[in-house]
Structure formats: structure tokens, C-alpha cells
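Trainee: Please take a close look at one position in this structure, and then connect it to the other local features that deserve attention.

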Amino acid sequence: MSEENEVREVAIIGSGPAGLTAAVYAARADLHPIMIEGMEAGGQLMLTTEVENYPGFVDGIMGPELMTTMRKQAERFGTEYLTDNVTEVDFSARPFTVKTSDREIKAKSIIISTGASARMLNVPGERELLGHGVSTCATCDGFFFRDKELIVVGGGDSAMEEATFLTKFATKVTVVHRRDALRASKIMQDRALANEKIEFKWNAVVSEVYGDGKVAGVKLTDTATGEVSDFPTDGVFVAIGHDPNTKLFEGKLDLAEGYIKTAGETTATSVPGVFAAGDVVDFRYRQAVTAAGMGCMAAIDAERWLEANH
Ligand code: NAP
């Protein structure tokens, strides 16, 4: 066990694929990382079912199992875990300080991999059927909906992109939007509006998702009249945006639209010695494998920085 007042080489905040990959690399570089894994360890993959696009698993792997495996791998090389939420960070002086409810960790370098959370509708049935017809990622789950009918909720670029992508598999995609005008950029709108497999339900919100073990349909509420109607569907893709988990870092690191800004093609943040990787930085790709790749980059960046700044 580490001493309470020991200064660590690296502390990793967040335990999704980015953080755990950073931990594997940092541990194998003999940096003895400590990972503050949060009370909901494992990140978004803990909420998914089958993952078929993570390289190395011919038959796919369940999201939670993938995360448990990565955690064991990082542990094997000496990663120490602290299962608690970070309550405060101080990056104004070195060594940096990371506080949890009952501990204070000092570290020479920090890797932030706190991820992002997909916004949810918070309506009955949505959570229960997540991974069973409800999804927040078309790239991840579209493949499971070949020859099915789907709905996509949202009116922004994500919703247009997901709807367009899903027409590769689905026979029909209905975009449900709460207003009568899209927020998406013109080019994305035009592409979706011209796609003959895409239909639009304007002024409508999904007020309930139902199905016995898998999605069978939704209840739609008309935002103008309040009228409720039944809409059978095989799947619901919620595409109403993401929230990066950066509350702790406001005013302490440079952020752009809530995401941590990194310099050029590195994982360096605006504070030297603090690095960031995964969905907390990346609003574009948002894949487990890209997060893992960035986690590797962050560990290498931290290792080189420590070497140069000892
Ligand atoms: P967004 O632009 O914030 O759009 C969210 C959409 O969901 C809006 O249409 C909003 O409706 C709707 N919405 C929000 N909360 C809702 C709720 N509770 N119930 C029903 N509908 C709800 O988010 P985004 O589409 O994820 O895009 C985020 C950023 O990434 C944007 O800057 C976007 O341009 C960028 N992006 C770019 C690309 C690309 O260029 N390839 C692809 C994806 C995303 P209202 O319109 O009524 O507010």
C-alpha cells in the first residue's frame, strides 16, 4: 500500500477505456499509477451490451466484461485503484492535488479521462431498454438493426448523421423532433431531407418507450396539442447531445464548449503536466477504441513530460 503523503508519478482520473489504457501503459513504464475510478467505474461501456467493433474479439464481447478485463490487465502491472469520486482538484501548484471524500492524493502528473455522458430523454422505459433497442450510438449498434424500422430523436447534426447512417441497415428511419425546424447545419439537413428512407415527425417528443425485454414502440406526445399517439418501432436512437464530465475542471483548464482543449496532436492540456484523453476531449469519434488509443497517447505524453521535468 502507498503512503498517504507519498507523491505519485501519475494519477489517473476516470476508468473508461481511455483511463484504463493509460493505466496499462503507465504501469508498464514503472510509473505506479493510482487510478481514481469513480463510484460508477468503467464508464459508458458499462451501460452497453454487446460490443462487436473492439478489435481482438472475434465473437464480440459484452461492454462490462471488456471493462473488467481491461481493469485486470492494468492491475496486473501494478495499477492501484481508489474507488471514490474526485471532489476537487488543484492544478495551481506542483505536485498537483486530487481530493476525494476522504483522501488527498499528490501527483507529479495527471491524466484526465472522465468521459462524457450521452443526454437521455429521462422517460419511462428508456433506461430499462437501454441496450435492448434503445441506443445512444448508431456507429456502435446500427448493425443490429438490419431490415428494421427505427426512430432517431433529435434535430441537431448528431441526429441527422445517425439517421443517415442508419439507413444503411434500416428499411425506414423516422426522425422525431420537438420543434418544426432543425438545429442541424444546412448540409446535414439537406442530406437527411433528401434521403427517401428518412421521414420526419415534427413537433413531437417521445414520452414513453415500451416493450417486453426489447423495444416494441414508443408513445409520442405532440408538443403543440398535447395529443398522445402510439408509434411501433424496433429501435430508438437518442441523439440529443452529450455532456462532457468537466465540472471539476472549470476555471482550472482551458475548455471549449465544455470539452477539455488539448494542444495540437498531443494530449497536453493548458496546464503542463496535466493530460486528457477519451470522450472528455473527443466530441467527434467517441469510440472505445479511439478512447483507448488516446489513453495510450496520454500515458506516453506523461512519461516523456516526467522525464523532462524531473
Ligand atoms: P445539439 O446540436 O445540441 O442538438 C441537440 C438536438 O436535440 C436539438 O435539436 C435539440 O432540440 C434536441 N434535444 C435536446 N434535448 C432534448 C430533449 N430532452 N428532448 C428532445 N429533443 C431534445 O447536439 P448534437 O447534434 O449532438 O451536436 C453537438 C455538436 O457537435 C454541434 O456543435 C454539432 O454541430 C457537432 N456535430 C457535428 C457533426 C458533423 O459535422 N459531422 C456531427 C455531429 C455533431 P432543439 O433544436 O429544439 O434545441
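Mentor: A216 is partly exposed, with a relative accessible area of 38%; buried means under 20%, exposed over 50% and partly exposed in between, with a 1.4 Å probe and protein chains only. The model is predicted, with local features requiring pLDDT of at least 70 and side-chain atom pairs pLDDT 80 or more, while totals for chains, interfaces and linings use all residues. Residues are numbered from 1 along each chain as its sequence is written, and side-chain values use heavy atoms, without hydrogens or water.

A216 belongs to the loop between β14 (204-210) and β15 (217-222), where strands are DSSP runs of E with at least two residues and helices runs of H or I with at least four, numbered from the N terminus. From A216 to A170 the separation is 46 residues in sequence, and 15 Å in space from C-alpha to C-alpha.

T246 sits in the loop between β18 (242-244) and β19 (255-256) and counts as buried, at 4% relative accessibility. The side chain of T246 reaches the backbone oxygen of G258 at 2.6 Å. In the loop between β19 and β20 (259-260) one finds E257, which is exposed at a relative accessible area of 80%. The phi of E257 is near 50°, positive in a residue other than glycine. R286, also not a glycine, has a positive phi of about 55°; its place is the loop between β21 (274-276) and α6 (288-308), and R286 is partly exposed at 25%. A cis peptide bond leads from R94 to P95, with omega near -5°, and P95 lies in the loop between β6 (86-90) and β7 (96-100).

I turn next to the aromatic rings. Across the whole structure there are nine aromatic pairs, with ring centres within 6.5 Å and planes under 30 degrees apart taken as stacked, over 60 as edge-to-face and the rest as tilted. Y54 and F57 make a tilted pair, 6.3 Å from centre to centre with 45° between the planes. Y54 is buried at 16% relative accessible area, whereas F57 is partly exposed at 30%. The pair of F143 and F144 is edge-to-face, because the planes stand at 75° with the ring centres 6.5 Å apart. F143 is partly exposed at 48%, and F144 is partly exposed at 33%. Together with F165 and F169, the residues F143 and F144 form one aromatic cluster.

A polar side-chain atom of R179 is 2.7 Å from an oxygen atom of the ligand. From an N or O atom in the side chain of R178 to a ligand oxygen the distance is 2.9 Å. G155 takes part through its backbone, with an N or O atom 3.0 Å from a ligand oxygen. Taken alone, the ligand exposes 910 Å², and the protein buries 69% of that.

How values were computed:
Polar contact = N/O pair within 3.5 Å; in protein donor to acceptor, adjacent residues only side chain to side chain. Areas by Shrake-Rupley, 256 points an atom, 1.4 Å probe, with all protein chains shown as cover. Phe/Tyr/Trp six-rings, centres within 6.5 Å; stacked < 30°, edge-to-face > 60°.
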